[in-house]
Amino acid sequence: MKMEKSPKNDSENILKNTSKRRNERKNERKGWEKRDLEYRHLSYKDKIKLQKQRKMFKFLRKLTCWGSAASLIVVLFFVGLTAFYILADSKSITTDEGREDSFKREKNSLKNYEEIDKEFEKSLETDIQNDTENQNENDEEDEGEDKERSQHKNNKNDTSENIEDFSVWNQKCPPELVIVNSKNKLDESYIVDIKVCRGKEIGELAWENLEKMIQAAAKDKIVLWISSGYRSVKYQQKLFNNQVEREQNKGYSLKESEERAQTVVARPGMSEHNTGLAVDFNGVKDDFYKTKEYKWLMDHAADYGFIERYQKKWMKKTGVIYEPWHFRYVGKYAHSIKESNLCLEDWVQQNLSNLDMF
């Protein structure tokens, strides 16, 4: 059975609780009385000072709390900002490193691009002058070559006699196989559609493959840049006249000067540059054949439709001195011409009887 609480026990509990509350209030009053006693002993001025001090202490506490909170926010902000910039810099560095290999050669090749454009004509004329000076230093060799040329012309069975006239060929052949030399002037009806490749004018037939070849070379860490591309007949006339003048200054007659000049600079309308299919690479230097760029071109140029046009052993057939920097676009016939180990004139002569293949 449950025990029922008696009213007597309830009253005792209530009395105990009330007594506790009274004791607590007494203790609070005693503390207040002590404070009041201390406060009562102070003068009016001291009381005001004490109040001001208490207000100042409260203000300082609040100020300290808010200041520490603000400083913490500022510190966190700067820490976050610093971390953000460090992360951004690291990403930009990795991006730059990733792009460095693909653009390094391009930047190097374009580093002095404007200067190259401004000084191209001067450098070309200087190189031409150097070539003629080298020929003068070897006059005996030149005379021997002249004798060989005369014997070569007098020989009816000589190959050069058979390929002298390409007028019929030039009318029927594909445009990329047109032959232009000292005996075959470019027909006035030949139209060159001009495109711009790396800041130089190039014929549209060669433009796309030339760009692909330069990009492929860049992937192999080979820097190719265009010294000269398409030249107008008017500009070719200027170059030829300048060379003739140099030869005349050496004491040669006008006829002799023109003959000697055309072995270095083609006559107007007789230069492959007038076709837009010829390209001179990397500054037109005599020692270009010693460079890794030349070796790369000899290994890969045919893959993009280009051949080396003027080798030293072909001078009697082409009428042009050795120009390792000069490459000619012949399109899909490049591998056939390269494998034949013949100059373009001789290769065409072998195929004159088979025009249908073109």
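How much accessible surface does the protein chain have, and what share of it belongs to carbon and sulfur atoms? About 24200 Å², of which 51% belongs to carbon and sulfur atoms. Accessible areas here come from the Shrake-Rupley method with a 1.4 Å probe, and for residues only the protein chains shown count as cover.

Before you zoom in, note that this is a predicted model, in which local features need pLDDT of at least 70 and side-chain atom pairs count only at pLDDT 80 or more, while totals for chains, interfaces and linings use all residues. Residues are numbered from 1 along each chain as its sequence is written, and side-chain values use heavy atoms, with hydrogens and water left out.

View 1. Helices (H or I, at least four residues) and strands (E, at least two) are DSSP runs, numbered from the N terminus. Of the 358 residues, 32% count as buried; buried means under 20% relative accessible area, exposed over 50%, and partly exposed in between (1.4 Å probe, protein chains only). Take the contacts (heavy atoms within 4.5 Å) with a separation of 6 or more: 70% of them come from residues 24 or more positions apart.

**View 2. Helix 10 (residues 292–300) and its buried residues.** Look for E293, Y294, W296 and L297, which are buried. Seen down the helix axis, the buried residues fall within an arc of 160°, so they line one face of helix 10; the arc is that of the directions from the helix axis to the C-beta atoms. They pack against helix 7 (204–219), strand 4 (278–281), strand 5 (306–310) and strand 6 (323–329). Over on the other side of helix 10, K292 and K295 are exposed.

**View 3. A network that joins E272, R309, R328 and E345.** What holds the members together? Salt bridges that share partners do, a salt bridge being a side-chain nitrogen of Lys or Arg within 4 Å of a carboxyl oxygen of Asp or Glu. Side chains of opposite charge can pair when their charged atoms come close. R309 and E272 meet at 2.4 Å, N to O. This pair links distant parts of the chain, with R309 in strand 5 and E272 in the loop between helix 9 and strand 4, 37 residues apart. R328 also forms a salt bridge with E272, the closest N and O atoms being 2.7 Å apart. R328 lies in strand 6, so this pair ties together parts that are 56 residues apart in sequence.

Now find E345 in helix 13 (residues 344–351). Its side chain makes a polar contact with the side chain of R309 (2.6 Å). A polar contact is a pair of N or O atoms within 3.5 Å; within protein, one must be able to donate a hydrogen and the other to accept it, and residues adjacent in sequence count only if both atoms are side-chain atoms. Buried or exposed? E345 is buried, with a relative accessible area of 1%. R309 is buried, also at 1%, and R328 and E272 are buried too.

**View 4. The salt bridge of R260 and E247.** The whole structure has 10 salt bridges, and in this one the side chains meet at 3.1 Å, N to O. R260 sits in helix 9 (residues 254–261) and E247 in helix 8 (residues 233–249), 13 residues apart. Both are buried.
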